[in-house]
Amino acid sequence: EVVAIIGDGSIQNGLAFEGLNYIGSQKHQKVIIVLNDNEMSISKNVGRLARMMTKTRIKKGYLRLKRITPRFLKNHGTRIKDFFHTFVYGNNVFRCLGYSYYGPIDGHNIKELIEYFSFAKKSNAPVILHLKTIKGKGYSPAESDDLGVWHGVGPFDITMKQFKHEPRPGMISWAEGISNILSSILSKYKQTRVLNPAMLSGTHLDCLQNDFPERVIDVGINEEHAVVMAAAMARSHLVPIVSFYATFLQRAYDYINHDVARSNNHVIFLIDHAGIVGGDGSTHQGIFDLSLLLPLPHMVVAAPKSLSEARFLLEYAILHEHPFAIRYPKGEIFIEEPSEEDISFGQWKIEKSLSTINILTYGDEVYEFKELLKNENIGLIHAVYIKPLDIELLRKLKNTTLYIVEEVISLASLASMVLDINAKENLNIQIHSFAINDTYVDMGTRNEIKKELGIDAQSILKVIQSK
């Protein structure tokens, strides 16, 4: 038996419907699809399909008939079966696609589950078993969570039922800081819209949706749709801002390429959880976004080290009509009073005077290197813009040594672009790249993983000092 298990948040994704459409037309291909419906993806589900499944209930008078239906239907012809099936279960999208549909079934009732699974096993046609479950069943804080706080669980106080991690004094999470910036942006620029694929709580945009319900749009687990919708908005003279995790950008890549970059549509991407993310697991490491975005014509990619820079870059992106991506990590950043930044387009920042040996990096890594290099005769450059390159500054580095540090796959990275310019312009810069080799990154804290990969600031400084 082939059994596919999918959640009600995921089944609304386009790829799931492609599979449903194909299997439904193949009557000789038996598949049992278990739809685990807890009305949640990470947070509450959205969309017409979610509403349909929420309303899918059997009236009280039909409950007894529902229990005996599988056994009863075995002894009757196709027409009678279809009549009773539709009478009890209704005619829904799954039946229209050619499936025998049964549900909703109490997903916490083992006896009832065994009965329906036994029936599905004996069926010769594709079957959908619609199970109603409670996310977090058995633990009251998780059961009552409709924000997605308990979707991914870190250390927490089991008696207080509260998470232990709090930002350090004077610090704020990147996601919350960006959310605060977006709040002022939405107030200032009425043509802006924020699109998010079922990650409002993770990207700290849930509070914004309360303040701007018509302009902060959760499209469900549909990154592809979010990007195409944003491209259409841009064509209609709106300024769409698409917010998602770096690891989920890959789902939408075809549409970023064809519907945004190729058409040079004015869409802004906020890429959260960029780089090494620590405890979210191997699949959530945000190390591939640059290798996907950098080769695309028209695409601008920036990485602020501070919230002030992020604010400047976002405002710049709103006022300049081309695709623009701003990436930032999971973690904490300094709380800052709003200040004026002046960053010329494509220009890097010299954080510590240039020398014969220099380090080039971007994002909040700059702070760690700046502290570490205080007493070293080593220059420090912040690549605020990863694309386009600051070629004028690179020309000033002719005949020097340059260490490029990144938390991304080394192929199609900032270092690979600098190496290309170095060769083309014969700059004779001795370039050393510290990035992630051709491998997937496992789970661990950000600092542990960086140290293991040899791309933490202390390890790099030891390498430089040893030469």
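A residue counts as buried when its relative accessible area is under 20%. By that cut-off, E332 is buried, because its relative accessible area is 16%. Keep in mind that this is a predicted model.

**Strand β4: how enclosed?**
- β4 covers residues 127–132, and six of its six residues are buried, so the rest of the structure largely encloses this strand.
- One way from β4 you'll find V127, L129 and L131 pointing, while I128, H130 and K132 point the other way.
- Both sets are buried, and that includes H130 and K132.

**Who pairs with β4**
- Strand β2 (residues 32–37) runs parallel to β4, and six bridges join the two.
- To get from β3 to β4, the chain goes through helix α6 (residues 110–122), making a right-handed β-α-β crossover.

**Back to E332**
- E332 belongs to strand β14, which spans residues 332–334.
- What does the side chain of E332 make a polar contact with? The partner is the side chain of R168, at 2.9 Å.
- So E332, at 16% relative accessible area, is buried, and its side chain has that polar contact with R168.

Key
Residues numbered from 1 in each chain as written. Predicted model: local features only at pLDDT ≥ 70, side-chain atom pairs only at ≥ 80, totals over all residues. Heavy atoms only, no water. Buried < 20%, exposed > 50% of the residue type's maximum accessible area, 1.4 Å probe, protein only. Helix = DSSP H or I, 4+ residues; strand = E, 2+ residues; numbered from the N terminus. Pairing = 2+ DSSP bridges. Right-handed = clockwise from strand over helix to strand, strands pointing away. Polar contact = N/O pair within 3.5 Å; in protein donor to acceptor, adjacent residues only side chain to side chain.
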